Amino acid sequence: MLENINHIALIGSLMQQMCVYLVIAYLLSKTPLFAPLMQVTVRLPDKLVCYLVFSGFCILGTYLGFQIEGAIANTRAIGAVVGGILGGPVVGLAVGLTGGLHRYSLGGFTDSACAVSTTIEGLIGGGLHFYLLRRHRAEHLLHPMSAFGATLVAEIMQMIIILLMAKPFDKAAFLVAHIALPMVLSNAVGAALFMRLILDRRETLEKYSIAFSAKALRIAERSVGVLMQGFNEKHCTRMAAIIREETGVGAVAITDCEKLLGFVGIGADHHVPGTPISSPHTFYAIAHNEVVYADGAAVPYHCSVSKDCKLGSSLVIPLRGEENRVFGTIKLYEPKSKFFSSLNRTLGEGIARLLSNQVLAGKIEEQKRLLAQSEIKLLQAQINPHFLFNALNTLAAVIRRDPEAARQIVHYLSTFFRKSLKRVGNEATLRDEIEHVDSYLQIELARFSGRLDVEMEVSDDLLHLRLPAFSLQPIVENAIKYGISQLIEPGRITIRAQRQNDVLTVVVEDSAGLYQPKPDGDGLGMNLVDRRIKIRYGAAYGISVTCQPDCWTRVAIRLPVEEEAIEC
């Protein structure tokens, strides 16, 4: 009867020790150090963390133990076995050896037996790790029953080793009889609870991550391109409404550095878009480029517009553009009866990055649009002066001997400049480009007086397809300027167009074959055409040049088929 009472008392003491052990583990689980322990450890840095943590638990289990007849009843096996299960055989051996050497240093008639058994306990956990991975059953490693079973076997093995190694045998047998059941049960249950704690922490983080990801994805999906259209009151109000609907906060505001651009939620009656910023928290966030959280307690919050406002806390997050410069803020509010959740605080910072990227992308698109317009103006400026000079010289030479031909040249010159100067958009149909080139070529035909032949091989069913404006004329001009004009004998320009699936290819070919690649590019006009196509459609499209010397030069413009007009 006395022996049963001693067993029960020792089990209770060891369970108390195990509870202290698990409380420490729970507190540790709140730190970044615990992150590698929530999965099967395979990376060397994670194995090192696993070794350090569970070696610490091994040593802690020994220090928290109880002295019994020159030995120590303890929960050391939890650290050794769980460390081996999570880290593998090498980590298990290292943890067990560390815990065993520490126990040996404390002395006692079981010191050698405990050092050996602790090392073997680590190997048992590591062996289970190795076995389950080889069987492709890694999901069982984090199961509490796996830890329970492995620790149960490990503690039984420890009792056998004590009986075999500890001297005198009678004293070892007496010790095992008193501590076997309490240590086996407390260590096995403790290992299972430790693994359950790891699983609970991982499941909590997964739920948190899933909730965060789901909200972020919904916001991103609903807000695609909203602020790319402009960082103004209309689009900011729309964005604020989307964010409030998805986050469930009391109110959402978006500002630039001077005024409120959008506000949705509690307090919308007195927080009016277009009014100047008045909140000191907003001014601070903009001036110092910092997140400001006014929870209404540690950091006081008072509405700067109305003393009757029901909002009680505010999170102000800067919106950052190029070179991390602040160009505005997003503000999330909660009413006085509600506090911010960690999810909404973290999500708020993610939303700020999303909004910042959208505004930045909108500015980039606007810069591309302005660049395209500038390039068109540059092409027009490049074409007109020297072409006009050549045309007037041709007209002066023809006007006396053939007035009718001179009249036709004036007509073509008028058509050419009218089509050049009246184009305000960034795109045209292939028909427009062919007509523009034809008026150019008619003047060049007069200038070359029979030394130039032109062939057009463009099917009528392709004329409605669209391409960037001023794509064709610079290529034809290059073919004449650097090809045909250098020949003594007559030359030929051929223009072909063909469609293959969803790709339109327009080819300009001259019969000179004088093309020479230049280190700094192939001429301003050709470079601009190639760049505009690549910016708009991607690197797979643009201009390619092939040449057979003294025979032909072929310039191919490749771009995707566009049959509908696109507003620019």
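Over the face of which residue does K171 lie? K171 lies over the face of F109, at 4.6 Å from the ring centre. The model is a predicted one, and every value in this text is computed from it. A second contact of this kind involves R554, whose charged end sits over the ring of W552, 3.8 Å from its centre.

The protein chain as a whole comes next. It contains 14 helices and 14 strands. The chain has 568 residues, and 48% of them count as buried. Its accessible surface comes to about 27,500 Å², with 59% of that belonging to carbon and sulfur atoms. Among contacts between residues at least 6 apart in sequence, 70% join residues at least 24 apart.

One example of packing between parts of the chain is a group of aromatic rings. A search of the whole structure finds 7 aromatic pairs. In one of them, F54 and F57 are tilted, with a distance of 6.1 Å centre to centre and 45° between the planes. F54 and F57 are 3 residues apart in helix α2 (residues 44–63), which means that about one helical turn separates them. Both residues are buried. F57 also pairs with F194: the ring centres are 5.2 Å apart and the planes stand at 90°, so this pair is edge-to-face, the cut-off for that class being over 60 degrees. The pair links distant parts of the chain, since F57 belongs to helix α2 and F194 to helix α7 (residues 169–222), 137 residues apart. F57 has a relative accessible area of 3% and is therefore buried. F194 counts as buried too, because its relative accessibility is 1%. Taken together, F54, F57 and F194 form one aromatic cluster.

Helix α6 (residues 144–165) holds A154. This alanine counts as buried because its relative accessibility is 1%. Leaving aside neighbours within four places in sequence, A154 is in contact with V81, E121 and I124. The C-alpha atom of A154 is separated by 8.1 Å from that of S117, a residue 37 residues away along the chain.

The loop between α6 and α7 contains P168. A cis peptide bond joins K167 to P168, with omega at about 0°. For comparison, most residues other than glycine have a negative phi, and most peptide bonds are trans.

The buried residues of α8 are H235, C236, M239, A240, I242, I243, E246 and T247. Seen down the helix axis, the buried residues of α8 fall within an arc of 160°, so they line one face of the helix. The face turned away from this buried side carries the exposed residues K234 and E245. Just after α8, G248 takes a positive phi of about 75°.

Buried residues in α12 include L430, E433, I434, H436, V437 and S439. Also buried in α12 are Y440, L441, I443, E444 and F448.

S449 is found in the loop between α12 and β9 (452–457). At 52% relative accessibility, S449 counts as exposed, because the threshold is over 50%.

N289 is placed in the loop between α9 (280–288) and β5 (292–294). Its relative accessible area is 23%, so N289 is partly exposed.

Definitions and conventions. Residues numbered from 1 in each chain as written. Predicted model: local features only at pLDDT ≥ 70, side-chain atom pairs only at ≥ 80, totals over all residues. Heavy atoms only, no water. Buried < 20%, exposed > 50% of the residue type's maximum accessible area, 1.4 Å probe, protein only. Helix = DSSP H or I, 4+ residues; strand = E, 2+ residues; numbered from the N terminus. Arc of directions from axis to C-beta. Phe/Tyr/Trp six-rings, centres within 6.5 Å; stacked < 30°, edge-to-face > 60°. Lys NZ or Arg CZ within 6 Å of the ring centre and 35° of its normal. Contact = heavy atoms within 4.5 Å. Areas by Shrake-Rupley, 256 points an atom, 1.4 Å probe, with all protein chains shown as cover.
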